[in-house]
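Subject: A structure for you to look at

Hi there,

I am handing over the structure we talked about, and I hope you enjoy looking through it. Please open it alongside this email.

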Amino acid sequence: MCELIKHSRSKDYVRKAIFRAIEKGMFEFTDSVLQARPDLVWIQNQMGRDPFQFAIECRQEKIYSLIYRLNKRKRTLIGTFGDNYGNCSLHMTGMLSPLAKLDNISGAALQMQRELQWFKEVETIVLPRTKDSTNNDGMTPRKLFTKNHKELVKEGERWMKGTASSCTVVGALIITIMFAAAFTIPGGNNGETGFPIFLHKKLFMAFIVSDAISLFSSTTSVLMFLGILTSRYAEDDFLKSLPTKMIIGLSTLFFSIAAMMVAFSSALFIMVHEQSWIVIPMIFLASIPITLFIWMQFPLLVEMYISTYGGGIFDRKVKSRA
């Protein structure tokens with residue numbers, strides 16, 4: 001097909017194929033065709049949208065990244081051109097992402113973050129005055145974005161508050177337990193000096209250090225989750241501010257749970273170190289909560305970190321295929 005279209009001036013027979021390929025996310029086909037016929041970047045569908053505008057509408061980030069092979073002038077032209085309804089490329093980002101694409105992202109807050117990332121990315125290729133341009137309905141790109149994402153913002157707020165509330169309860173319980181454990185040390189205190197009886201044992205130091213780590217981590221976690229609960233939940237907060245607080249909160253909560261289990265195991269071993277048949281199974285059971293937390297929350301934590309601080313979904317250094 002590529003060899004055929006290289007020597008043909010007609011665009012009609014490939015028009016439907018390329019737009020269908022973009023809709024389905026067929027990167028290799030779209031890439032090969034656009035390299036064989038670079039002028040096809042200017043073709044339009046029935047709604048007057050070029051391939052890159054259609055890629056924005058369908059949220060096909062790999063195909064959209066092909067725009068960075070073009071020079072700055074062409075990118076600006078593509079970002080400025082309007083469709084049959086006066087919508088420029090930035091207006092395309094204001095339209096809600098297809099449900100099939102949003103369903104692949106965990107949580108409404110991360111879905112909102114992805115939509116904002118699209119808006120900020122396309123914003124880099126348009127002229128400053130294009131940001132204030134209006135479509136046939138008299139709406140600027142930002143107003144259109146706000147209108148179409150109103151419900152997603154509310155869902156993201158509910159998701160964030162629900163997660164933060166649950167984690168705050170857990171963090172508060174750990175603070176209470178660890179604070180009390182610091183003053184009810186295993187073995188008690190020496191009646192004459194007032195110092196702990198097992199002060200010079202390595203396991204006792206492990207208990208004290210892990211207890212302190214758990215207390216400080218859970219306190220930090222609760223403060224982060226309280227920051228989430230009291231946030232204003234503006235649209236741009238979902239881009240960096242709220243995900244960062246959630247990342248710190250979940251990370252420190254994980255450390256506090258792990259340190260709490262280490263403190264418990266150390267205290268148990270100090271008290272009944274001669275009964276290893278009891279200690280070893282108990283220490284094994286203490287690892288279960290950590291494993292469960294990793295299994296349930298760690299994938300979300302990793303996804304949130306990559307989405308917020310990773311390389312991004314757009315490839316600005318996309319290479320040509322041989």
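Below is what was found in it, from the overall picture down to single residues.

Please keep in mind throughout that this is a predicted model.

The overall picture

Of its 322 residues, 45% count as buried. Among the contacts with a separation of 6 or more, 76% are between residues 24 or more positions apart.

Helix H11 and its two partners

Two packed helices are described by the angle between their axes and the distance between the axes.

The crossing of H9 and H11 is left-handed. On the H9 side, the contact is made by Ala-108, Ala-109, Gln-111, Met-112 and Glu-115. H11 brings Leu-152, Val-153, Glu-155, Gly-156, Trp-159 and Met-160 to it. By type, the residues of the contact of H9 with H11 are seven nonpolar, two polar and two charged.

One of those residues, Glu-155, lies in H11 and has a relative accessibility of 37%, so it counts as partly exposed. Glu-155 is 48 residues from Gly-107 in sequence, while their C-alpha atoms are 8.8 Å apart in space.

One face of helix H6

Next, have a look at helix H6 (residues 72-80). Its buried residues are Arg-75, Thr-76, Ile-78 and Gly-79. Seen down the axis of H6, these buried residues fall within an arc of 160 degrees, so they line one face of the helix. An α-helix has 3.6 residues a turn, so residues three or four places apart point the same way. What do the buried residues of H6 pack against? Their partners are helix H4 (51-58) and helix H7 (89-94).

Two residues with positive phi

Finally, two loop residues deserve a moment of your time. Most residues other than glycine have a negative phi. Arg-59 has a positive phi, near 55 degrees, and is not a glycine. You will find Arg-59 in the loop between H4 and helix H5 (61-64). Is Arg-59 buried or exposed? With a relative accessible area of 1%, Arg-59 is buried.

Tyr-233 also is not a glycine and has a positive phi, of about 60 degrees. Tyr-233 is found in the loop between H12 and helix H13 (241-271), and its relative accessible area of 6% makes Tyr-233 buried.

Happy browsing, and do write back with any questions.

Best wishes

Definitions and conventions:
Residues numbered from 1 in each chain as written. Predicted model: local features only at pLDDT ≥ 70, side-chain atom pairs only at ≥ 80, totals over all residues. Heavy atoms only, no water. Buried < 20%, exposed > 50% of the residue type's maximum accessible area, 1.4 Å probe, protein only. Helix = DSSP H or I, 4+ residues; strand = E, 2+ residues; numbered from the N terminus. Arc of directions from axis to C-beta. Contact = heavy atoms within 4.5 Å. Left-handed = near helix turned anticlockwise from the far one by under 90°. Nonpolar A, V, L, I, M, F, W, Y, C, P; charged D, E, K, R; others polar.
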